[in-house]
Amino acid sequence: MNELSRRRLLVTGASSIFAAPFVRLLSSPARATTDSGRARRLLVFFTPNGTIHNHWRPTGSTSEFTFSAGSVLEPLNAHKDQLLILDGMDFSTGSNHEGGMAAMLTAGGMHSIDQVVADHIGGESRFSSLELGAQTSLWGGSVQTRMCYRDGNFVTPDDSPHNVFDRMFGDIGDPVLLSRRQRLLDINRAEINDLRGRLGMEERHLLDAHLAGLDAVERAISGDSLCESPAAPAYYDPMQNDNFPLVAQHQMDLAVQALACGMTNVLTLQLSHTVGPTVFSWLGQTEGHHSLSHAADTDTTNVANFIACERWYAEQFAYLLDQMSTTTDPLGGGSMLDTTVVFWAQELGDGRMHTCESVPWILAGSGDGFFRTGRYLDLEGATHDGVLTSIAHAFGLELEAFGTGTTGPVSVLR
Amino acid sequence: MKGAWWWLLAPTVGCAIDKASSGVGTAEEETTEDATDSGDEPTDSVPDPEPGSESSTDTDDSACPEDVEVFETRVWEPVLSTHCYGCHAADGIAQSTRMVLDESDMLSNLRAATVVRDLLLVKPTGLDAVGHGGGTLVWPETDAWDALEFWVDWTHGLCDLFEDGCIDEPTPRRLWRLDHEQYERTVTDLLGVSTDYGEHLAPDTAVDGYRNDAEALVISGLLADQYRNAAEDLASVADIADMLTCTPSDGQMTQCAATFIEEFGSRAFRRPIAVGEVETYLELWAEIAEEDGFFEGLRWVVTGMLQSPHFLYRSELGTEADDGNFALTDWEIASELSYLIWGTMPDTELFEAADNNVLNTPDQIGAQVDRLMSDDRALNTTTQFVDAWLQLDRIESIARVGWSADLREAMQEQTHETVKEIARTDQSLTDLMLSPTTYLPETLADHYGTDTSGWVDQDGETYGGLLTHGSLLSVYALGESSSPVHRGVVVRERMLCEELPPPPPNLDTSPPAADADGTTREKYEVHSSLSECAGCHSLIDPIGFGFEHYDHLGRWRTEEVGQPIDASGDLDGLIFEGAPELSQLLTEEPRFRACFVESWRRWGSGRHACADDEGDVQFTGPLRELPMRVPFTRRTGDSAGEMTRATGHRLTEDEVSAIAEAFGEVLPGGATSGIEFTLIESSTWTTGFCADATVTNTTDSLVVWESREEIMGTITSIWNAEYRIEGDEHVFTGVEWNAELPGFGSTTFGFCGAR
């Protein structure tokens, strides 16, 4: 019997980490007419299980604040001027692990903010949006493990950097291959439509989703890459706990590359999921992140362990901002960070209380001047549907409200 | 029959407290991992009402006209017609949800409201985790709320008229996409290529913890792209020459291609391919064959069929029967049987039975069940079921102190081999839970510190039965300690089918500072001392305490932190000592026996199911029984549209020849007549690459081969072949031993180069 191992095909002799900055443009993109003061790209970064506020909060005033030594956000010091730190923000709907996870990017509606923005600015890019993850799906898809929604359905993140690499840099651009692939898509679409005609109305939704999926495939394989392909990451098992840091780094590298190369304008990067059991073994830890998130203030050992995990997540976010700020926006106007809205979302406030109050969100990058960064804001109970509305506004999408919320944009962000 | 946890969700009850009133909380790890791990299908995780409302469960199971009247006056008129109908009408914005209402058909409304029943209390009230598209419409302490609450109670007492599974009636028509394991096995059987592509596909949504729920198996853009990639790769390594039953000689090219399409297509689609489909794929073949040769054309045919909905979905559509239902076809039944029992496509015998239309009576189906069950492939199915039922597949990704890949594999081997033996020797559910005979791989025996490995008889006091398997004990543990909560939850939710709600918000779940000298049990016993936690945890922890003799890696211990282990437990008032006694209690527990059957049905049917207690059952009994139930062969549904699969039989040679003749002969192109050449880049980096090439003689006579290719780059090393450069082309030829290829023979070579 012949053997075909995907794993074997993916093994390469190349180095494991891209050198940064690594974007090598093959040609200049057509310079789009972009409005100043309007964000060009959205990058959502997620980490789970809430925080412990007194280890997270900066000290000082709105414009004069510092991250105290040992606190969660200290690793973000270099990017302080590019941050908008949101304190005192409650979710407008949803509570607890599942409710928070579901409401975080949807505010109770059928679509998450990334999908709404993608419909608005997805434009001609190969991927309307890209959803990347690190160990999000070990338990399968569920309300706990998904954060992106379209029409009330989960949008599944891709947990494999190797697969993401293939999708981004695989054998696209060969006209013969493309015409054959399109030929098959046409045959398969005709088959689906034929089958669909034999079904009752209520039985058709699976095939409708399938057709939409094929449209996305066609768009993805039809485009051309503006960038030279970097070396593929060497193979490892992205589902093994100890590979979590490697997956996270590769996905962040690929994320920046996908945005800078114009493959997509909307990207989500989901590290683990609510109730995520990741054991930060690379920090010498032995207990899972979710367990640690329940440490009482008096349990100083485990609080310290949890804060170490949270600081590690902050370091990842800092790395992402490093990459964005050292990569020039090919459309002009500064660095990628300057023209993008980067957004660190979480689903819970204090993880021990399972509440969605004072949920610690951070906006980074001003979206080409749309948001006034370099500030630590107390939103005093303003709700997150308002922040999501503001994010939509940053892209010129003048929504009155978001999800089931009614707040409207949060003016103090600008 | 489900248990009585409804009160836990009732808005006025629960263990919610304000943090200010008690700064002390509890659970180190709450119950949520499994409690709500049910995807976006909250219906299935919402528990039944309190026992008092079950009074009318046993009413007659014919129509219940009084229900319609009650429904109309007490629910439809005050709430559904006013709050819901606007969006949930057939043309409303909520028309794609599971509740579609029709002003003129009260029975249909009753059915819709029954199907979603518990959702009525969480969706419009804003309590549902995924929200409600229409926002919050109903608030507590209103008449509307009371009406919905009444209805939920009432439906739980309805004659089980609309319950899937519990009563044996047809279920809706559907397409059921192959799950990833089925996909992997199917391509292996179809193409003769052993592969691991299935495990690299994007994970599906879990419903009730199962990843094969038909409604949830959707093909997203991501998955469609992975199917595309897999189809291209698999077709490129499949030995198509070996699958041919004809010779592609001059003048016979189209004929032979059509024959292949008919034969391969009927296997790939698991039913006779239709004339129009042969023509479609023949046209595809011809276009590509004219450019790149006979076999390249067929490779794209295979690539296309592997992405066809007829391959990716199992059809359960049937044909209209006299009673207004749909009768599944013999081919659909063949697939149901093979996927249920073997997890793969039908074998030749099943196909032949379907072709001959002798696969639809209970006797005919029963005979095939017996045949399939006697094959080793059925044993793999039983282990897959147990892994899915108890979510033991999570062992693949857990992190534990002292963990290793060897230990994980040994634990999986113990469970799989033991379960297979129970199945092979027709043992019962009680045997699964209590039998002291198990398979202990050497690694696991060493881990436990015992001398004997292989098939052993355990003492039944420390170890014995499924609950004492290392796999279960390690999955349901924390990083370096046992977890009474996780172990209690798996028994409550997976073995008694009683779903638990997550801890309510605003309850401080941080445990009091751990007493370093305390035992695990002592740390968790605080749950029962705090009334706000006891409500939920009294259902969990007393079961989990029974496992305290096993540490986080399943090792037996008699003491912890210098104190003797207390493994006394309590299962809803039944006191026990240790896991083997708990196993004994479970086997005598109607809820457990019913849950076991329900779980088999849930897994085997890919939809919500239920079951009643029928005493001890054969371990594989519910599996054998599924094909004999009505939903296996009958479906309900809207009247079908135009039926396009009209042939209903395998095409004869003459029919295939007629298609080929009508199409006309095609002259395949390609570089070297009779030779096909494929190249796969086996690795690539910024400055270089390596590639594997396959050369196939597509004729039945010996050839000396030569292949001209455009290679982007400079070859730096080559093995098993030689090359020279002519213009833009690299001309590859064989070395001494493979320059000549016999008829239909093939050879491989490789090279690396710089870009």
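Helices (H or I, at least four residues) and strands (E, at least two) are DSSP runs, numbered from the N terminus. The structure described here is a predicted model, in which local features need pLDDT of at least 70 and side-chain atom pairs count only at pLDDT 80 or more, while totals for chains, interfaces and linings use all residues. Residues are numbered from 1 along each chain as its sequence is written, chains are lettered from A and ligands numbered from 1 in the order in which they are written, and side-chain values use heavy atoms, with hydrogens and water left out.

Chain A contains 12 helices and 12 strands. Its C-alpha atoms occupy a box of roughly 60 × 50 × 50 Å along the principal axes. Of the 414 residues in chain A, 64% are buried, where buried means under 20% relative accessible area, exposed over 50% and partly exposed in between (1.4 Å probe, protein chains only). Contact means heavy atoms within 4.5 Å; of the contacts in chain A between residues at least 6 apart in sequence, 76% join residues at least 24 apart.

A nonpolar core is a set of buried Ala, Val, Leu, Ile, Met, Phe, Trp, Tyr and Cys residues joined through side-chain atoms within 4.5 Å. The largest such core has 74 residues, and B:Trp389 and B:Leu586 touch the most other members. Not counting residues up to four places away in sequence, B:Leu586 touches B:Met433, B:Leu467, B:Val491, B:Met495, B:Leu496, B:Leu571 and B:Phe592. Another core, of 72 residues, lies apart from it and has A:Val217, B:Ala258, B:Tyr339 and B:Val666 among its members.

B:Leu586 is also one of the buried residues of α26(B), together with B:Ala579, B:Pro580, B:Leu582, B:Ser583, B:Leu585 and B:Thr587.

The loop between α26 (579–587) and α27 (590–605) of chain B holds B:Glu589. B:Glu589 has a relative accessible area of 12% and is therefore buried. Neighbours within four places in sequence aside, B:Glu589 is in contact with B:Leu496 and B:Leu574.
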